[in-house]
Amino acid sequence: MLILAVYKKLGWHHHNVITGKWRVGDFSQTRMYELAGKTLGSWASGHRQKVAKRAQAFDMHVQYYDSSGSPSTPRRLGVRFVLFPELLRTSDVVTLHVPLTDATRGMMGRGSSPR
């Protein structure tokens, strides 16, 4: 839902509606984006298949990283394993589904990479 809210600018539209601003700005400022054709990169430690299926329902391409370095998601889901730097470089949307541990703390940020 958060991905949809960001891509469709839900917060901005909600604010305008509750303040009585029905038509604000021009199309270039209020442009919304489709998820179809975008790439979802997921670092998921347990719910990878559920995330992939939901993203594919929006016609997204799905790639994932697994800190074990093992491409363990079944190929039948049509997802591809990539290394973490490539996941960040080539994904339009990145989801993180990992517990906070010493290995995952600080994994996002300038110059970061999984330990």
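Which residues lie nearest the centre of the largest pocket? Met1, Leu2, Ile3, Leu40 and Thr95 do. The report returns to that pocket at the end.

## Basis of the model

This is a predicted model, in which local features need pLDDT of at least 70, side-chain atom pairs count only at pLDDT 80 or more, and totals for chains, interfaces and linings use all residues. Residues are numbered from 1 along each chain as its sequence is written, and side-chain values use heavy atoms, with hydrogens and water left out.

## Overall fold

The protein has five helices and four strands. Helices (H or I, at least four residues) and strands (E, at least two) are DSSP runs, numbered from the N terminus. In order from that end, the elements read α-α-α-β-α-β-β-α-β.

Of the 115 residues, 29% count as buried. Buried means under 20% relative accessible area, exposed means over 50%, and partly exposed lies in between (1.4 Å probe, protein chains only). The protein exposes about 8,100 Å², and carbon and sulfur atoms supply 55% of it. These areas come from the Shrake-Rupley method with a 1.4 Å probe; for residues, only the protein chains shown count as cover.

Contacts are also counted by sequence separation. Among those between residues at least 6 apart in sequence, 46% join residues at least 24 apart. A contact means heavy atoms within 4.5 Å.

## Strand S2 and its partners

Strand S2 covers residues 61–65. Four of its five residues are buried. S2 pairs with strand S1 (residues 39–44) in the parallel sense, over five bridges. Here Ser42 stands opposite Tyr64.

S2 also pairs with S3 in the parallel sense, over two bridges. Gln63 stands opposite Arg80 in S3. Two strands pair if DSSP finds at least two bridges between them.

## Aromatic rings

The whole structure holds five aromatic pairs. Rings of Phe, Tyr and Trp (its six-membered ring) pair if their centres lie within 6.5 Å; planes under 30 degrees apart count as stacked, over 60 as edge-to-face and the rest as tilted. Tyr65 and Phe81 have ring centres 6.4 Å apart and planes at 25 degrees, so this pair is stacked. The pair links distant parts of the chain, with Tyr65 in S2 and Phe81 in strand S3 (residues 80–81), 16 residues apart. Tyr65 is buried at 10% relative accessibility, whereas Phe81 is partly exposed at 25%.

Tyr65 also pairs with Phe84. Their ring centres are 5.6 Å apart and their planes lie at 55 degrees, so this pair is tilted. It joins S2 to helix H5 (residues 84–90), across 19 residues. Phe84 is buried, with a relative accessible area of 2%. Ring pairs link Trp43, Tyr64, Tyr65, Phe81 and Phe84 into a cluster.

## The largest pocket

The largest pocket has a volume of about 430 Å³, and 19 residues line it. Helix H1 (2–7), helix H4 (48–57) and strand S4 (93–97) each give two or more residues to the lining. H1 supplies the largest share, five residues.

On a 1 Å grid over the protein atoms alone, a cavity is a set of points where a 1.4 Å probe fits but cannot get out, and a pocket is an open set with protein on both sides within 12 Å along at least five of seven lines; lining residues have an atom within 4 Å of a point. Grid points are joined across faces, edges and corners, and a volume is the space filled by probe spheres set on the points.
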